[in-house]
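Please look at the structure below and follow it part by part.

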Amino acid sequence: MAATAVADETLEAVGGNTITDAAEFGAVQEFTATLIIRRFDPDVDDEPRWQDFDVQVYSTDRVLDALHKIKWEIDGSLTFRRSCAHGICGSDAMRINGRNRLACKTLMKDLDLTKPIYVEAIKGLPLEKDLVVDMDPFFAAYREVNPFLVAHSEPEKGKERRQSIAAREIFDDTTKCILCAACTSSCPVFWTDGQYFGPAAIVGAHRFIFDDRDDEAQVRLDILNEKEGVWRCRTTFNCTEACPRGIQITQAIAEVKQAIMRGRP
Ligand code: SF4
Ligand code: F3S
Ligand code: FES
């Protein structure tokens with residue numbers, strides 16, 4: 001049987017409906033997009049500079065695909081981080097049209113392609129090259145809050161630490177963090193105040209403070225009660241708006257503040 005005949009049979013089988021024209025699936029459109037990227041090469045540049053690139057993109061492309069196209073076909077020196085390309089590793093947070101987003105989760109067709117798309121590195125962390133920042137201060141703040149389970153007793157029967165569904169739900173939201181830094185680098189307090197731990201570190205702490213298998217919630221609450229901690233937050237909500245995982249960060253920060261005030265999780 002010819003390949004096209006097999007394809008036709010497959011189409012007819014979809015949902016029991018007859019689909020005679022592949023266009024009924026929705027044609028993939030092609031556009032020319034202009035990306036204006038903030039470039040910085042520490043070996044030659046004193047200051048960052050903007051550079052524009054015209055690229056052909058499809059409606060199914062993400063900003064990450066456009067960056068790949070530039071790097072692979074136009075300018076191999078363009079530097080950015082990415083790994084999974086599917087919103088899991090957290091390595092490609094960047095400012096796209098002034099908003100922190102993951103390049104791999106931002107569809108080109110969802111941006112206004114009649115205008116240039118501005119792409120730059122996230123703010124508040126030292127710029128290393130093009131879209132790459134030094135993440136060390138971000139991870140240093142995260143490590144400060146002991147983002148790991150600390151249990152002083154042995155698990156029951158030496159096996160597992162059991163937890164009810166209701167107890168797990170209390171911190172479910174903050175388990176979703178992928179440490180992309182989109183939140184912390186969108187926070188105006190973090191930009192202007194080098195002392196603030198930032199929302200991502202508080203999210204990491206929240207995940208264990210409210211875990212009833214953990215025995216050191218109070219240690220973390222004491223750390224976040226220090227001058228670098230939760231009281232620096234001005235409830236600006238930028239972090240919540242920026243989070244690609246939809247974590248209710250400002251609410252998590254409020255829950256940590258309340259736990260500090262009542263002296264327990
Ligand atoms: Fe990224 Fe959200 Fe985690 Fe912040 S809380 S680091 S925005 S996943
Ligand atoms: Fe910053 Fe988020 Fe608070 S943006 S000020 S950490 S609500
Ligand atoms: Fe992994 Fe985007 S490349 S989250």
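**The core and what surrounds it**

The largest nonpolar core has 63 residues, and those with the most contacts inside it are Ala 181, Ala 200, Ile 202 and Val 256. A nonpolar core is a set of buried Ala, Val, Leu, Ile, Met, Phe, Trp, Tyr and Cys residues joined through C-beta atoms within 7 Å. A residue counts as buried if 20 or more other C-beta atoms lie within 10 Å of its own, as exposed if 12 or fewer do, and as partly exposed in between, with C-beta atoms placed from the backbone. Helix H6 (residues 199–209) gives the largest share of this core, 7 residues. Helices (H or I, at least four residues) and strands (E, at least two) are DSSP runs, numbered from the N terminus. At least three residues of this core come from each of domain 1 (30–133) and domain 2 (136–153 + 163–262); the bounds of such domains come from an automatic or database domain assignment.

This is a predicted model, in which local features need pLDDT of at least 70 and side-chain atom pairs count only at pLDDT 80 or more, while totals for chains, interfaces and linings use all residues. Residues are numbered from 1 along each chain as its sequence is written, and chains are lettered from A and ligands numbered from 1 in the order in which they are written.

Ala 181 is in contact with Ala 93, Ile 122, Met 135, Phe 138 and Ala 200, leaving aside its neighbours within four places in sequence. Two residues are in contact if their C-beta atoms, placed from the backbone, lie within 7 Å. In helix H6 there is also Ala 205, which is buried because 28 other C-beta atoms lie within 10 Å. Not counting residues up to four places away in sequence, Ala 205 touches Val 145, Pro 147, Arg 220, Leu 224 and Val 256. Ala 205 and Val 145 are 60 residues apart in sequence, yet their C-alpha atoms are 5.7 Å apart in space.

Now consider the whole protein. Its secondary structure comes to 9 helices and 7 strands. Of its 265 residues, 36% count as buried. The radius of gyration is 23 Å, whereas a compact globule of 265 residues would have one near 18 Å; the radius is taken over C-alpha atoms, and the globule rule is 2.2 Å times the number of residues to the power 0.38. Along the principal axes, the C-alpha trace spans about 70 × 60 × 30 Å. Among contacts with a separation of 6 or more, 65% join residues 24 or more positions apart.

How far apart do the C-alpha centres of domain 1 and domain 2 lie? The distance between them is 28 Å. The contact takes 13 residues from domain 1 and 13 residues from domain 2. On the side of domain 1 that touches domain 2, strand S4 (residues 99–102) gives the most, with 3 residues. By class, that side of domain 1 has 6 nonpolar, 4 polar and 3 charged residues. Here Ala, Val, Leu, Ile, Met, Phe, Trp, Tyr, Cys and Pro count as nonpolar, Asp, Glu, Lys and Arg as charged, and the others, Gly among them, as polar.

The ligands come next. Around ligand 1 there are 15 residues, the closest being Cys 177, Cys 180, Cys 183, Ala 200 and Cys 243. A residue is near a molecule or strand if its C-beta atom, placed from the backbone, lies within 6 Å of it. The shell around ligand 1 has 13 nonpolar, 1 polar and 1 charged residues. Ligand 2 has 13 residues around it, of which Cys 187, Cys 233, Thr 236, Asn 238 and Cys 239 come nearest. Helix H8 (238–242) and helix H9 (249–262) are the elements that give two or more residues to this shell. The largest share of the shell around ligand 2, 3 residues, comes from H9.

Two loop residues remain. Most residues other than glycine have a negative phi. Leu 179, in the loop between helix H4 (165–169) and helix H5 (188–192), has a positive phi near 55 degrees. Thr 235, in the loop between helix H7 (217–224) and H8, has a positive phi of about 55 degrees. Which of these is buried or exposed? Leu 179 is buried because 20 other C-beta atoms lie within 10 Å, and Thr 235 counts as exposed because it has 10 C-beta neighbours inside 10 Å.
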